[in-house]
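Good morning, and thank you for joining this group meeting.

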Amino acid sequence: MSDIPRRAVVRTAKLATLPIGMAGRATLGVGKRLGGRPAEAVATELQQRTAAQVFRVLGELKGGAMKLGQAMSVFEAALPDEVAGPYRAALTKLQEAAPPLPAATVHKVLADELGPGWRALFASFDDTPAAAASIGQVHRAVWADGRQVAVKIQYPGAGPALLADLNQLGRAARLFGALTPGLDIKPLVAELKARITEELDYRLEAAWQQAFARAYANDPDICVPMPIAGADRVIVSEWIDGVPLSTVIARGTQEERDRAGLLLVRFLYSCPGRAGLLHADPHPGNFRLLPDGRLGVLDFGAVNRLPGGLPEPIGRLARLTLAGDAEAVADGLRAEGFIPAGADIPADDLLDYLAPMLAPIAADEFTFSREWLRGEALRLGDWRSAAAQLGRQLNLPPSYLLIHRVTLGAIGILCQLGSSGPFRAEMERWQPGFAAPRTAAARHAASANRPGRRLPKLDVEDDAGVVRARQGPVVLAPAQRSSRSRSRIRPPEQAGPAEPSRPSRRPAPTSKPKADQD
């Protein structure tokens, strides 16, 4: 495959082959059963063929379609095993791989972005991709100074493909409005399009990643590889070795599952405070369990800017829900825009709707499981249930869109992992408003998210809500200069001195914080 299908009509037609193919295989299955084959064997074969088609179609389309597949791979934990089983492997492949681009196309992108002398930047470059994602694929290489690096290359046509998928989503807005009358879908779609479109700008992604890497420099629990070079469609960053969470999910020990789950929660709760940013693309392909026990974090295309830290109402309303203060919860949700003006929702019913979702933070220890997630999916998804009917009346404010996406994605991963741990303590330590007032944890959370706190330098500019990277040198981190007279890359010695990393923060504890730790 040398390019991505770009035209909306082509992409829509390919997506349409999924239900058509499923229907055709179902008809074929009826014929086989009439011919005497066992129904169970026929059903298994049909599901395996359908799973293969899901991977092929979504993988070839990449863009927003593949992002849908990656999201599906997280939430298969909510489906019964007999339904999810045949699809699990195919969807998991979308987290780590997809049909690759040929080497000639890869070389052309590198020449366009890094200049005709791009090979001089590398001591070696592997033409076979090590991984692939929704809008780019990753190659392993050795930088000129001997460092092992990852080179992420954006697929040609990724921009038009992604925008075509987003436009399709926009056209479906009326359908979502019919399904969820309380949801104001238009501003949500606008916010989603703005944030996802940012993922096309690899210079911007390099700026995000640099900020995360500085925030977590020398951290004992989290590892973010430092970007070395960034162009519009190419990022070069330090290589990290580790076990993908998809592998931990498939065959990891319980100790590995617990460790990965706890560090995932710690990272997602702490990064708004430490970096002023939220990693907004949680799926197993973006995380690694490193040999030294740290959690490696990859792919910073989708990022939510939270310079003010995590919103305090999230923690306060969660604490009030667990305390059973129905009226205060209803008032707070209405003030934040979750309850539309004029909606008549009894406060006690709202509490009954919310409380089961907070089970993971209701006690000091919790074990995430597929069974728990399936139970919640059934409770909230059965249109006949009171919970589902109440949920259809609620709204999701655009400012909470990516936070909601991250929460759901993280829960899906934790349930796939089957992690057990002190997740409540992580929320108390990092989420303002959740810990009991005047406790050490409450003071820490407030301090970590306080306005005016020192944050890593962020080389971006905001133009009426559209965020772009500031123009600057392609080489971001110093490297030994080799012969590259024809390259358009600015030599490191002309790029100016590197900004010193700020001192690393004291590491978060591995258990519930005590008073003498703060």
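This is a predicted model: local features need pLDDT of at least 70, side-chain atom pairs count only at pLDDT 80 or more; totals for chains, interfaces and linings use all residues.

I start with a contact between two helices: Arg370, Trp372 and Leu373 in H15 meet Ile411, Gly412, Cys415 and Gln416 in H17. Sorted by class, the residues of this contact are four nonpolar, two polar and one charged. Helix H15 covers residues 370–381 and helix H17 covers residues 401–417, and their axes come within 8 Å, crossing at roughly 140 degrees.

Let me turn to another helix pair. Helix H13, residues 326–336, packs with helix H14, residues 347–354, at an angle of about 85 degrees, and their axes are 8 Å apart. These two helices are therefore roughly perpendicular to each other. On the H13 side, the contact is made by Ala326, Glu327, Val329, Ala330 and Leu333. On the H14 side, the residues they meet are Ala347, Asp348, Leu350, Leu351 and Leu354. By class, this contact of H13 with H14 holds eight nonpolar, no polar and two charged residues.

Next, the sheet. In what order do the five strands of the open sheet run? The order is S1-S2-S3-S6-S5, with antiparallel pairing. At the edges are strand S1, residues 122–132, and strand S5, residues 227–230, each of which pairs on one side only. Direction ignored, neighbouring strands of this sheet are turned by 25 degrees against each other on average.

S5 pairs with strand S6, residues 234–238, in the antiparallel sense over three bridges. S5 and S6 form a hairpin, and three residues lie between them.

I come now to the salt bridges. How many are there in this model? The count comes to 21 salt bridges. One of them joins the side chains of Arg266 and Glu426, at 2.8 Å from N to O. This pair links distant parts of the chain, with Arg266 in helix H11, residues 254–275, and Glu426 in helix H18, residues 423–430, 160 residues apart. Are these two residues buried or exposed? Arg266 has a relative accessible area of 3% and Glu426 one of 2%. Both values are under 20%, so Arg266 and Glu426 are buried.

Helix H18 also contains Trp430. Trp430 counts as buried, at 3% relative accessibility. In sequence, Trp430 and Leu268 are 162 residues apart, whereas in space their C-alpha atoms are 9.5 Å apart.

Other salt bridges involve partly exposed residues. Arg294 forms a salt bridge with Asp292, with the closest N and O atoms 2.8 Å apart. Arg294 is partly exposed, its relative accessible area being 22%. Lys457 and Asp459 also meet through their side chains in a salt bridge, at 3.7 Å from N to O. Here Lys457 is partly exposed at a relative accessible area of 45%, and Asp459 is partly exposed at 24%. There is also a network of salt bridges, which links Lys108, Asp112, Glu113 and Arg233.

My last topic is backbone geometry. Most residues other than glycine have a negative phi. The phi of Asn218 is positive, near 65 degrees. Asn218 counts as exposed, at 73% relative accessibility.

Asp299 also has a positive phi, near 60 degrees. Asp299 lies in the loop between strand S10, residues 295–297, and strand S11, residues 303–305. With a relative accessible area of 17%, Asp299 is buried.

Thank you for your attention.

Methods. Residues are numbered from 1 along each chain as its sequence is written. Side-chain values use heavy atoms; hydrogens and water are left out. Two strands pair if DSSP finds at least two bridges between them. Helices (H or I, at least four residues) and strands (E, at least two) are DSSP runs, numbered from the N terminus. Axes are lines fitted to C-alpha atoms, for helices over the stretch in contact, and angles run from 0 to 180 degrees between N-to-C directions. A salt bridge is a side-chain nitrogen of Lys or Arg within 4 Å of a carboxyl oxygen of Asp or Glu. Buried means under 20% relative accessible area, exposed over 50%, partly exposed in between (1.4 Å probe, protein chains only). Angles under 35 degrees count as roughly parallel, over 145 as roughly antiparallel, 65 to 115 as roughly perpendicular and the rest as oblique. Contact means heavy atoms within 4.5 Å. Ala, Val, Leu, Ile, Met, Phe, Trp, Tyr, Cys and Pro count as nonpolar, Asp, Glu, Lys and Arg as charged, and the others, Gly among them, as polar.
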